[in-house]
Amino acid sequence: MKDNHRGFYHPDIGYWETNEPPDLNTLNSYLDGTTPVSIQPSEGYTYNGTDWVAPTDQWLYDLEASRVRLTRKYLLVRKVDPVVSNNLRWLELSLDKQEEWRVYRRALLDLPESSGFPHTVTWPTEPT
C-alpha cells in the first residue's frame, strides 16, 4: 500500500480509496457526511460507519470455494477437455486410459461435495 492512499466512507455510498490525497476541490465535491477513514485492512473487511469489521466465516468460505472452483475450471478446460472432447484423440486412447480420464474428470466435478471442501481439498492426479 502506498502512503498516498486515502480512505473515505459515506453511509449511502460505502467505502472507497484514492491513490493520491484529494485536492480541496475534490474534497468539496464529496457528499455531505463523507468522512476520512483508515485504509481497508484487507479483502473482505467491511466498514460499519465507525470501525472495520473482519470478514465473516461465510465470506471466507465463499472466497475459498470460488478459488477452488476456478482452479477446477482451469483444469477441466485446459487439461481434460482437450482430451475427452477431441474425438480423434479420445479414440486413440486405450480403454484403460479412457477410464482414467473419466475417473479424473468425475473426481474434479465432485470436488465441491468432497469432505473438507473448500479448505482441505485433495486434488485428483491427472492421467499421464
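In what order do the elements of the chain run from the N terminus on? They follow the pattern β-β-α-β-β-β-α-α-α, as seen in this predicted model.

**Figure 1. Overall architecture of the chain, with four helices and five strands.** The radius of gyration is 24 Å, well over the 14 Å that the globule rule gives for 128 residues, so the chain is more spread out than a compact globule. Along the principal axes, the C-alpha atoms fill a box of roughly 70 × 30 × 25 Å. Of the 128 residues, 27% count as buried. The accessible surface amounts to about 9200 Å², and carbon and sulfur atoms contribute 50% of this area. Among contacts between residues at least 6 apart in sequence, 40% join residues at least 24 apart.

**Figure 2. Close-up of the salt bridge between Glu43 and Arg67.** The closest N and O atoms of this pair are 3.8 Å apart. The pair links distant parts of the chain: Glu43 belongs to the loop between strand 3 (35–37) and strand 4 (46–47), whereas Arg67 belongs to helix 2 (residues 57–84), and the two are 24 residues apart. Glu43 is exposed, having a relative accessible area of 51%. Arg67 is partly exposed, at 44%.

**Figure 3. Close-up of the salt bridge between Glu64 and Arg67.** The N to O distance between these side chains is 4.0 Å. Glu64 and Arg67 are separated by about one helical turn, because they lie three residues apart in helix 2. Glu64 counts as partly exposed, with a relative accessibility of 25%. Together, Glu43, Glu64 and Arg67 are linked in a network of salt bridges.

**Figure 4. Close-up of the salt bridge between Glu99 and Arg102.** In this pair, the closest N and O atoms are 3.3 Å apart. Both residues are located in helix 4 (residues 95–109), where three residues, about one turn of the helix, separate Glu99 from Arg102. Glu99 is partly exposed, with a relative accessible area of 41%. Arg102 is likewise partly exposed, with a value of 43%.

**Figure 5. Charged residues across the chain, which carries 13 positive and 19 negative charges.** The mean positions of the positive and the negative charges lie 11 Å apart. The structure holds five salt bridges in total; among them are the pair of Glu43 with Arg67, the pair of Glu64 with Arg67 and the pair of Glu99 with Arg102.

Definitions and conventions: Residues numbered from 1 in each chain as written. Predicted model: local features only at pLDDT ≥ 70, side-chain atom pairs only at ≥ 80, totals over all residues. Heavy atoms only, no water. Buried < 20%, exposed > 50% of the residue type's maximum accessible area, 1.4 Å probe, protein only. Rg over C-alpha atoms; globule rule 2.2 N^0.38 Å. Contact = heavy atoms within 4.5 Å. Areas by Shrake-Rupley, 256 points an atom, 1.4 Å probe, with all protein chains shown as cover. Lys, Arg positive; Asp, Glu negative; His and termini not counted. Charge placed at Lys NZ, Arg CZ, Asp CG, Glu CD.
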